[in-house]
Amino acid sequence: SIPEGQREAWKKHSVQGFTTKDQFEDETVRHIETTLARSLFNCDELAAYSGAALAFRDRLIIEWNKTQQRQTFADQKRVYYLSLEFLMGRALDNAMLNVGLKDVARAGLKDLGFRIEDVISQEHDAALGNGGLGRLAACFLDSMATLNYPAWGYGLRYRYGIFKQEIVDGYQVEVPDYWLDFNPWEFPRHDITVDIQFYGYVRKEKDEDGKTVTIWEGGEIVDAVAYDVPIPGYGTATTNNLRLWSSKASKGEFDFQKFNSGEYEGSVGDQQRAETISAVLYPNDNLERGKELRLKQQYFWCAASLFDIVRRFKKTKKPWSKFSDMVAIQLNDTHPTLAIVEMQRILVDIEGLDWAEAWSIVQGTFSYANHTVMPEALEKWSVPLMQNLLPRHLQIIYEVNSQFLQYVEKTFPKDRDMLRRVSIIEESQPKMVRMAYLATIGSHKVNGVAELHSDLIKTTIFKDFVTIYGPDKFTNVTNGITPRRWLHQANPKLSELIASKLGGYDFLTDLTKLNKLEHFLDDADFKKEWQEIKYANKVRLAQHIKDTTGVSVNPKALFDIQVKRIHEYKRQQLNILGVIHRYLTIKAMSPEERKKLAPRVSIFGGKAAPGYWMAKTVIHLVCSVGEVVNNDKDIGDLLKVIYIEDYNVSKAEIITPASDISEHISTAGTEASGTSNMKFVLNGGLIIGTCDGANIEITREIGESNIFLFGNLAEDVEDLRHAHTYGDFQLDPDLNKVFEAIKSGRFGDAGRFSALCNSIIEHGDYYLVSDDFNSYVKTHELVDEAYKDQEAWLEKCITSVARMGFFSSDRCIQEYAEMIWNVEPLPPKE
Ligand code: NBY
């Protein structure tokens, strides 16, 4: 650091960051003219975005520096949130709002000749995630910073995020998402690199004291380079860090020999192979496919993060026994489970602790959140694969397992089968490592993400573990969403209206304050404004639909929206089959009957995993139905069917505020929580949903009369499936008519949809579409009826918003902090 004598000079010249409009313009123009080498003669919207983003980045980084210093000097526990996915979306708007300078930026940009909305929309989404799990991580970062928790995120810096989806002739086409062309929000830290080892072999030797030590050597080394992303809290100076690792050939590995001897391609090949590790996000949600590169990604990221965390702890010079008093590591699903094993390896092989002491430190440090009970999504890795890639880690897993099984055998001597059931190693061909069991055994707490889900994991996948450890190891933390992005940023007019009634924006940091809105249910002006805002949001979405699909939709129609990843368990097929039923019903109606019907726009959006053929068929069916319905003159505005291409975070910010009703209709017991359900209700839309995930708690909070629930319950699913398998089942007659229409070729070549139809008709209807069809259609009729009474509808919407306080991710993070992490906030000193 700088000697005392020169520090005055530093302080005098220390960067302050802008606060006024003039200063903002100074900074923006300076960046455009120098950093970007542009001028007022060639400054387009993209350059204006870049300049403004750099100006805000400078501001964030000043606070980031101070926050990091404060956290280093404060002798207190930190949280590390390990997630393979962070679905951040755009950063500029968020930065403007969180530091409270959006109005300054708006005025400054106007002076410079730009509209702030156009500038903001230049930004490419940071889309390093698939869906709910990745977006949850992003909401958590926002809440942790806002609540002043000393917290870091650790992830991978994918060169390609989730693919861009194009719809071509009604089919999904995937286009790579190269997003790093210009990313002002990251700071490369070329000085912070970690060597990561793969492959090789393990041997034992005696050290000077005669103690046996284990040495892992040979194999190959890849470098992990840190890239830091500042995470500003809302209304606080706390600016946390998200550290993303990028892979690079290690200097030692880059083969100069080959290079100099003219084997240029060979040497570049090694480099490319190293860089492949962080090249691309796997685009599967809720499906695990056991690819070696994915395991490499996981270890690369866990090992780099652990090295970093341990290095930081060692600087404090505290004894290892204090580690879990200073460090909490949260695992977002099982993807980072290798961090548990890596920690044990560091403590035992490198730091020389004895096994038992090391293992109790590990268990005290880690906690694991589960996000699914579906078998195909539970991670398992083949033992031979792991043996080859991570030989020492496999040994450690076997040792952990052996000690665990010994304990189980001793404690439950009568239940011989239990050992087979709870073993980390599944005795299959090949043998498999069950990551959820390893994560459970290596953590002090395991949580589900909504009440029903947390109950289910205790009675299904972790039943034996509840017996072994007792129920207290398992807990629930119901998911939440950040009201900053999902209300204030996505729906600024509604946020402003609410603030005008509640006397300020305090509800953004204490969402339970929304409950005061119930006092305004008789305020006619308020309700009128509310309705105008909803209408304006629908007009905006209608414009987007017109621009991107060419279809005109009537903003006065009921907007019925289902946007999320396409998956059979989420049942977009139920939705589109219901839409066909509606279409057939309208076709058969008299003009009088038609007049009574509320016009509808059925809106779908979401990506299918590239290898998920059935999900792609669902997209094609939606598009094919849209093609027919939207061009049927006889139907007009009564029904439109829209597929919105490339659903992502920034599209969600336009779509969510525009819904009248949204669909959360998973087969009961399959959707761990869902979080878009919360976003839609918070934006004044109602929902139609099954008794699944967080829908149940939303109902509890907002009241049964404000939600449209339908369908079978989780507790009945097993019996219903049994009935399908043993032939005790009749296809719903209305659904049958829908299938007849599809088979007749009414929506194009029926052959394309036969597998989809047959999965329901002939192959056991695993997701119970037929069982829930009647209830679903009937409930939509109730929605139609309810929508006719606009006054009552509006009252439901406002009441619901007023009661959504519970679903803030701030509440959720506070629960994690108090129940699981045991960390305290560290507010900035003013
Ligand atoms: O996590 C989602 C759940 O489906 C949803 O109900 C919940 O609200 C949300 C947050 O808790 N899970 C999810 O998004 N999962 C994935 O995206 C995912 C991605 C990759 C893999 C597994 C799951 N994988 O094994 O590769």
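Which helix lies across S20 and S21? Select residues 613-630. This is helix H25, and H25 runs at about 140 degrees to S21. Keep in mind as you look around that the model is predicted.

**The sheet**

Now select S21, residues 639-644. Check the ends of the pairing. Arg600 stands opposite Leu639 in S21. Gly605 has Ile644 of S21 as its bridge partner.

Widen the view to the whole sheet. Six strands make up this open sheet, and their pairing is parallel. Follow the order S21-S20-S19-S22-S23-S24. The edges are S21 and strand S24 (708-709), each of which pairs on one side only.

Next, select residues 572-587. This is helix H23, which packs on the sheet. H23 touches strand S19 (558-563), S20, S21 and strand S22 (661-664). Compare directions: that of H23 makes about 155 degrees with that of S21.

**Inside the edge strand**

Return to S21 and show its side chains. In a regular strand, side chains alternate between the two faces of the sheet. Leu639, Val641 and Tyr643 point one way from S21. Lys640, Ile642 and Ile644 point the other way. Are these residues buried or exposed? On both sides of S21, all are buried. The strand is thus mostly covered, with six of its six residues buried.

**Two crossing helices**

Show the side chains where they meet. From H12, pick Leu338, Val341, Gln344 and Arg345. From H15, pick Arg392, His393, Ile396 and Ile397. Colour the contact by class: four residues are nonpolar, two polar and two charged.

**The ligand**

Last stop: select the ligand. How many residues surround the ligand? There are 22. The closest are Gly132, Leu133, Asp285, Ala672 and Ser673.

Key
Residues numbered from 1 in each chain as written. Predicted model: local features only at pLDDT ≥ 70, side-chain atom pairs only at ≥ 80, totals over all residues. Near = placed C-beta within 6 Å. Contact = placed C-beta atoms within 7 Å. Helix = DSSP H or I, 4+ residues; strand = E, 2+ residues; numbered from the N terminus. Nonpolar A, V, L, I, M, F, W, Y, C, P; charged D, E, K, R; others polar. Buried ≥ 20, exposed ≤ 12 C-beta atoms within 10 Å, placed from the backbone. Pairing = 2+ DSSP bridges. Axes fitted to C-alpha atoms, helices over the stretch in contact; angles between N-to-C directions.
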